[in-house]
Amino acid sequence: MNPTQDLWSELRKSWHLYLFLLPTFAFILIFRYYPAGSAVFHAFTRWNGAGIATWVGLENFRTLLTDFIFVASLKNIGIILAAALVKVLIFPMLAAEFIFNLRSERGQYWYRFLLILPIVVPGIVVTLVWRFIMGPKPLGVLNALLELLGLTEWQHAWLADPKIALIAVLLVGFPWIDAIAMLIYYAGLQNISGDVLDASKIDGASIWERVMRVDLPLLFGQFKLLIIITTIFTLQNFGGMLVLTNGGPGYATMVPGLWMYQRAFQADRFGYASAIGVVLLVVMLALTWINNKLLKETDVTY
């Protein structure tokens with residue numbers, strides 16, 4: 001009997017058990033695949049979200065090419081994505097290395113606990129705190145601190161100045177040690193064979209040399225995973241920008257996700273917003289494919 005016949009035989013014997021999976025698949029189809037399919041269809045229509053959709057073909061996509069705010073948002077999201085990748089590839093990695101190289105297991109535990117603890121705070125609360133920190137004089141904590149240090153010439157309306165608003169947004173979350181990314185790196189470091197680490201010590205390698213020649217090559221899978229996750233999350237996310245600046249001043253911090261939200265729920269142009277969503281989908285798929293092509297998994301054996 002071939003494998004296909006074995007599979008169908010097993011399904012016939014246990015078909016009643018698979019019925020328990022039907023509600024799960026039904027919810028996935030209704031709340032995941034149907035909205036996505038609806039968005040792709042309505043990207044080619046003129047639709048206000050409630051009435052009858054009128055088919056307009058590629059009109060929404062042609063309009064996107066001349067929408068200077070959307071074009072500006074693409075530039076902004078490119079800068080934000082580049083910064084996000086630098087942050088997730090460097091700072092959580094350094095934190096994981098620091099904890100991993102502690103001699104005390106109790107110390108490792110407490111440092112992990114302290115870095116993970118902020119996860120329990122909702123992200124929107126953290127964003128509001130940063131908006132308060134970068135607020136205008138005299139309420140902004142950062143401006144008040146600069147005044148206390150006698151650096152009044154450095155004071156700015158950090159989130160209200162078109163020249164520096166995007167830079168100020170990039171500073172949010174300092175020192176940029178994402179707890180989830182740190183745990184991913186830390187788990188990767190723990191999976192490195194103790195024999196490999198012992199061999200590096202016998203060879204007289206310093207911690208820096210071991211990190212560069214042993215840890216980084218063996219953490220390639222973690223780097224690849226975090227690049228994909230960070231890329232998708234950054235392109236999709238706009239809640240933080242909505243709270244911090246709402247895309248302003250002007251459109252200095254506008255991102256595609258926020259522009260899509262505003263076109264849909266403020267201008268009732270759901271068809272146009274769907275077209276923006278389709279463009280983001282294509283960009284995410286393309287970047288994921290490029291990432292998989294350029295960052296092929298390397299087999300490192302010892």
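This is a predicted model: local features need pLDDT of at least 70, side-chain atom pairs count only at pLDDT 80 or more; totals for chains, interfaces and linings use all residues.

Trainee: By class, how many nonpolar, polar and charged residues does the lining of the largest pocket have?

Mentor: The lining of the largest pocket has 32 nonpolar residues, along with seven polar and two charged ones. That makes for a lining of 41 residues, and those nearest the pocket's centre are Val 172, Gly 173, Trp 176, Asp 178 and Phe 233. The volume of this pocket is about 1,500 Å³. Several helices give two or more residues to its lining, among them α6 (105-116), α10 (179-190) and α13. The most comes from α5, which gives seven residues.

Let's stay with α13 for a moment. Helix α13 (residues 220-236) packs against helix α16 (residues 270-294) at an angle of about 170°, and their axes are 10 Å apart. The two helices are therefore roughly antiparallel to each other. On the α13 side, the residues making the contact include Ile 227, Ile 228 and Gln 236, while α16 brings residues including Leu 280, Val 283 and Met 284. In this contact, eight residues are nonpolar, five are polar and one is charged.

From α16 we can move on to the second largest pocket, where α3 (22-42) and α16 are the elements that give two or more residues to the lining. The largest share, eight residues, comes from α3. Gln 236 turns up here too, as one of the residues nearest the centre of this pocket, which is lined by 19 residues. Its volume is about 630 Å³.

Notes:
Residues are numbered from 1 along each chain as its sequence is written. Side-chain values use heavy atoms; hydrogens and water are left out. Axes are lines fitted to C-alpha atoms, for helices over the stretch in contact, and angles run from 0 to 180 degrees between N-to-C directions. Helices (H or I, at least four residues) and strands (E, at least two) are DSSP runs, numbered from the N terminus. Angles under 35 degrees count as roughly parallel, over 145 as roughly antiparallel, 65 to 115 as roughly perpendicular and the rest as oblique. Contact means heavy atoms within 4.5 Å. Ala, Val, Leu, Ile, Met, Phe, Trp, Tyr, Cys and Pro count as nonpolar, Asp, Glu, Lys and Arg as charged, and the others, Gly among them, as polar. On a 1 Å grid over the protein atoms alone, a cavity is a set of points where a 1.4 Å probe fits but cannot get out, and a pocket is an open set with protein on both sides within 12 Å along at least five of seven lines; lining residues have an atom within 4 Å of a point. Grid points are joined across faces, edges and corners, and a volume is the space filled by probe spheres set on the points.
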